[in-house]
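Please walk through this model with the sequence and the structure side by side. The paragraphs below take up strand pairing, salt bridges and a helix in turn.

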Amino acid sequence: MPSLKETGHSLAKFLEIKLDDPDKENLTRGESVFSTHTADSFVEQQPTSAEWLADIVPSGQDIVNYFRSLFPFLTWIGFYNLQWLIGDLVAGITIGAVVVPQGMAYAKLANLPVEFGLYSSFMGVLLYWFFATSKDITIGPVAVVSTVTGSVVANATKELPQYVDQPWVIANALALISGAIVLFIGLIRCGWIVELIPLVSLAAFMTGSAINIAAGQVPTMMGITNFSTRDSTYLVIINTLKYLGKTDLNAAMGLTALAMLYLIRFSCSWAAKKYQNHQKLFFFLSTLRAVFVILLFTMISWLVNMNRRSNPAFAILKDVPRGFQHAAVPIINSEIINSFVGDLPATVIVLLIEHIAISKSFGRVNNYTINPSQEMVAIGVTNVLAPFLGGYPSTGSFSRTAIKSKAGVRTPFAGVITAIVVLLAIYALTAVFFYIPSASLAAVIIHAVGDLITSPNTLYKFWRVSPIEVFIFFVGVFVTIFSTIENGIYATICISFAVFIFRVLKSRGRFLGRVQVHSVIGDHLIGNDNSVVGEYGTFNVSDSSSSPPTRNVFLPIDHGDGSNPEVEIAGPYPGIFIYRFSEGFNYPSASHTLDYLVNHISNHTRRTRTDTYARPGDRPWNDPGPKKGQAENTALPTLKAIILDLSSVYNVDVTSVQQLIDVRNQLDNYTSPDVVDWHFACISSRWTKRALASAGFGYPAPRSDGLHARWKSIFSVAEIGGSESAAAQAEHDANEKEMTAAAAPHLRPAPSNPDDTPGPSVASSITQSASRNNTNNYSNNDNKAPDSAGVGETRRVVVHGLNRPLFHVDLTSALQSAIANVRARAEVEDAGGPEIGVTV
């Protein structure tokens, strides 16, 4: 019975698929005198589909780890102690005192009775700690999500008037559906999706939302009720100014509450700076300012309205049901879902971006790492289960998270303490809530969202980093003000993505030149021997020589990197070009960056044969040649080799590789009868090597004159020995003399000092000549090549595979190889043709 491999080969033959395995070819293209049969040789194997599948298919341990990661509290709950409990108690009670008035205020933004804010607050803090990867985050009602929910509820009740008296039915359904979507994204571990939303979009969204919310709360704070606060922000502002004369006693309760909130805040900040020994006290006083203000104005309201409960002097909350009066299975049907399905994307985005951004920020500040996917699980579970007790969509709160962090929270268990405080408020304080002034709650909201507005200093930093993104920021803010929050989100995300795509499409690399530099410490030039190289590749100034070494660095020839324009950047070598890709090399950018490559080369070289076209009419229309009376510029060099720096490229695709093949064919025609050598440096992916090798890159192209058999390869060799090794000396010699060693006899490093202590591997560039003949000689000698290290020498191994001599570890070895072979071909031509041998 044929094996699976044989069956596959038979099927490929039937389908006329040409199977090629370059790694099975004999190493006779000049790879090295290091034979593949020696212990120190290395032939790099291509990655296989089996490896790719092994990387993406989870193992049994991966599955176990996945289920463990769903409950992060298991990793720390066993270490819980009294000290952690004290910190969690302080933080939990503090947040509980803050979230009660905030939750009720935000419920008003959602067009819901205030008790629903308490339900959402309770479920958020109770459930989060089971799934949390952040100790600081507090999930609950927030201003922006509440505003989006309010818009959804307002629009849905217009379509479904039967729910006008029960708007929480729409809010509960929205929480459950959006929570299920977020939960699914988290369970499949696609938390990376939030990385598609840039910081500037988040800043614009938060700023525009804050202005929208504040403008919508001013009429409530002033007692103005002549228009809808759900209109576009600019209309709300215009109508507020228009009806400003209709303010009533509510303005006194709102404006004084807002003034007091800012007074307490600034006073505590000033006192904390003046009395630094009591900073903690002033922090807690500032944190609880909303509680103090609400209690104070509730007492004032009670004194004013205690005898006029049915006809209060100003708007108050009135009856707040005790307990979970609206606990029930959420009503979900197609009619309800269709009423808000168009708002689901915006709701999901708002749930995610604020929470993930906050958790990442506080994770960096407090030295821990959050898992975005697991945070989505936490948000999803909270919003899926909260509607059963009456909760509406909730997510992480910036203000409460900042307070919790500063209060000294130790673990996510602080959420349970907060849940107890909220539960007490739901069952024990509802009678007090009757007298809370609506204007004072509006003041609390305005004060809270003020911190969401991006400061001018932050905008200035944006401008310093990327001016175009400041433009995107203002577009997002203006769209939010003149349209809706949802449109502001979409506008900033779409514009940011369009800018990104444009940069990728129009990206182009840079041509590099060579500069010789010295290393300087203080006013000392570093010495010229590897004896001054320390254990970690550093220098010892005390050993510096009066003849300092130089090394080659490669900089953009147009000084586009900001390097000193007075530094003269030399070309790598006549007819050799070094090109560095700037933003990857995939199908969106391949055409533009390769067009730039070809145009630059065409402008700085000439055809190899000036007599290619005997008559003017033989020339193609797009290459008519010089103008009449002018001759070809023979001072320009002919194209010899191209070195591509792939340090910024990790993956390539079919389109980019095919276009690279087309360019190779185009330039080979340009240099005919010669061919262009293609060298690749700094390849960081085996799959990229496989793709390039499949396209015929990585080894010398066959030539009709047979010169490819005389290819001279330069490999980077690591010496497993001390830092004072022969390989380090070889590297220095190669850098100093560039390609002088290429025409010299084989390099034979001197024996290393037997007293050298083992140290890190040191890389060097070793030049070898490998014609078809000498390779065969070594192969016929009992299939064993000369050892790369003699008696007393340290062992040397190649860094990259011998089977791909045009894939180089760095630009230096690539340039050395390119120059060596250009000169070798020149020597053959000068000696009378390809039949004349070359001794190297």
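Two strands are said to pair if DSSP finds at least two bridges between them, and helices (H or I, at least four residues) and strands (E, at least two) are themselves DSSP runs, numbered from the N terminus. This is a predicted model, in which local features need pLDDT of at least 70 and side-chain atom pairs count only at pLDDT 80 or more, while totals for chains, interfaces and linings use all residues. Residues are numbered from 1 along each chain as its sequence is written, and side-chain values use heavy atoms, with hydrogens and water left out.

Strand β3 (residues 510–517) pairs in the antiparallel sense with strand β6 (residues 551–556) over six bridges, and within this pairing V517 has R551 of β6 as its bridge partner. Strand β3 is also joined to β7 by three bridges, again with the strands running antiparallel; here F511 finds its bridge partner in Y579 of β7.

A search of the whole structure finds eight of them. In one, the side chains of R580 and D645 meet at 2.6 Å, N to O. Because R580 lies in strand β7 (residues 576–580) and D645 in strand β8 (residues 641–645), this pair ties together parts that are 65 residues apart in sequence. With buried meaning under 20% relative accessible area, exposed over 50%, and partly exposed in between (1.4 Å probe, protein chains only), R580 counts as partly exposed at 29%, whereas D645 is buried at 2%.

Another salt bridge brings together the side chains of D674 and K640, at 4.0 Å from N to O. This pair links distant parts of the chain, 34 residues apart, since D674 sits in the loop between α24 (654–671) and β9 (677–681) and K640 in the loop between α23 (587–604) and β8. D674 has a relative accessibility of 9% and therefore counts as buried. A further salt bridge joins D136 and K135 at 3.0 Å, N to O, and D136 is buried, with a relative accessible area of 0%.

Helix α7 (residues 168–187) has 20 residues, and at 1.5 Å a residue it should span 28 Å, which agrees with the 28 Å between its end C-alpha atoms; the expected span is 1.5 Å times one less than the number of residues. Because 16 of the 20 residues of α7 are buried, the helix is largely enclosed by the rest of the structure. Just after α7, R189 takes a positive phi of about 60 degrees.
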